[in-house]
Amino acid sequence: MEKLTVLVTDDDKDIRDGIEIYLKNEGYNVLKAADGSEALKLLEENEVHLIILDIMMPTMDGITATFKIRTERNIPIIMLSAKAEETDKIHGLSVGADDYITKPFHPMELLARVKSQLRRYVQLGTYYGNAQQNSKIEVNGLSIDFDAKEVRLDGELVKLTPIEYKITELLLKNAGRVFSINEIYELVWKEEAYNAENVVAVHIRKIREKIEADPKNPRYLKVVWGIGYKIEK
């Protein structure tokens, strides 16, 4: 298996170089960019499997870069920010980031997040191809192919991020069952749920925007007030 490549984007050279050392020690290839514009250029020229992206940067900030990346790619994005406010975290996740870590951070924490996101990404088959065995579930035109790791709506491919796919997979596999917010977080993120409400809600909203004709009056992804979410049978 060839090495996976991580693109580190931060306007602070010391941070870029420091992260590079830890990632290379773990066996990853590393590319570095000083702003979002440079990161987009490197993405066009190289095969990248995960992006570490600072929010506050000159020329093009991380929010804008994430928005542009998500129009074409579903690779994992981990955002970095010196801001710890919940609104900044939600903003980052709402435009398509998969995870968020606040500066200053311990390098081992960042490495753990990188490994978790890459493991999920590779397991989804979005990088390494899987055999197509037509193992599918369909609920009223919304279907999932577990071998191809694809979600389709009336036959049309739905472009989901790795986290969005895992949430959709969980709910479709168990159509009709209600999952609490904490259950969704712990089953998808594989971490103990702590203040998970906003994080899960942001991803649910993004999924609805992609699979519902009217996200405010969803046909598939329903909320059961005070309990959680389900895919309607």
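A: Rolling a probe the size of a water molecule over the atoms shows where empty space is left. The structure holds 1 cavity of 30 Å³ or more; a cavity is a set of points, on a 1 Å grid over the protein atoms alone, where a 1.4 Å probe fits but cannot get out. Grid points are joined across faces, edges and corners, and a volume is the space filled by probe spheres set on the points. This is a predicted model, in which local features need pLDDT of at least 70, side-chain atom pairs count only at pLDDT 80 or more, and totals for chains, interfaces and linings use all residues. Residues are numbered from 1 along each chain as its sequence is written, and side-chain values use heavy atoms, with hydrogens and water left out.

Q: Which residues line the largest cavity?
A: Lining residues have an atom within 4 Å of a point. Here they are Asp99, Arg113, Ser116, Gln117, Arg120, Trp189 and Glu191, around a space of about 30 Å³. Helix α5 gives the most, with 4 residues; helices (H or I, at least four residues) and strands (E, at least two) are DSSP runs, numbered from the N terminus. The lining divides into 1 nonpolar, 2 polar and 4 charged residues, where Ala, Val, Leu, Ile, Met, Phe, Trp, Tyr, Cys and Pro count as nonpolar, Asp, Glu, Lys and Arg as charged, and the others, Gly among them, as polar.

Q: How many residues line the largest pocket, and which lie nearest its centre?
A: A pocket is an open set with protein on both sides within 12 Å along at least five of seven lines. The largest pocket has about 390 Å³ of space. Its lining has 20 residues, with Lys89, Tyr100, Arg113, Tyr185 and Tyr194 nearest the centre. Two or more residues each come from α4 (86–94), β5 (99–102), α5 (107–123), α7 (181–189) and α8 (197–211). Strand β5 gives the most, with 4 residues. By class, the lining holds 9 nonpolar, 3 polar and 8 charged residues.

Q: At what angle do the axes of α6 and α7 cross?
A: Axes are lines fitted to C-alpha atoms, for helices over the stretch in contact, and angles run from 0 to 180 degrees between N-to-C directions. The axes of α6 (residues 162–173) and α7 come within 10 Å and cross at roughly 120 degrees. The pair is therefore oblique, given that angles under 35 degrees count as roughly parallel, over 145 as roughly antiparallel, 65 to 115 as roughly perpendicular and the rest as oblique. In contact (heavy atoms within 4.5 Å), Ile163, Lys166, Ile167 and Leu170 of α6 meet Ile184, Leu187, Val188 and Trp189 of α7. These residues divide into 7 nonpolar, no polar and 1 charged.

Q: How is α6 placed against α8?
A: Their axes come within 10 Å and cross at roughly 85 degrees, which makes α6 roughly perpendicular to α8. Ile163, Glu164, Ile167 and Thr168 of α6 make the contact with His203, Ile204, Lys206, Ile207 and Lys210 of α8. The classes are 4 nonpolar, 2 polar and 3 charged.

Q: Which peptide bond is cis?
A: The bond from Lys103 to Pro104 is cis, with omega near -10 degrees. Pro104 is in the loop between β5 and α5.
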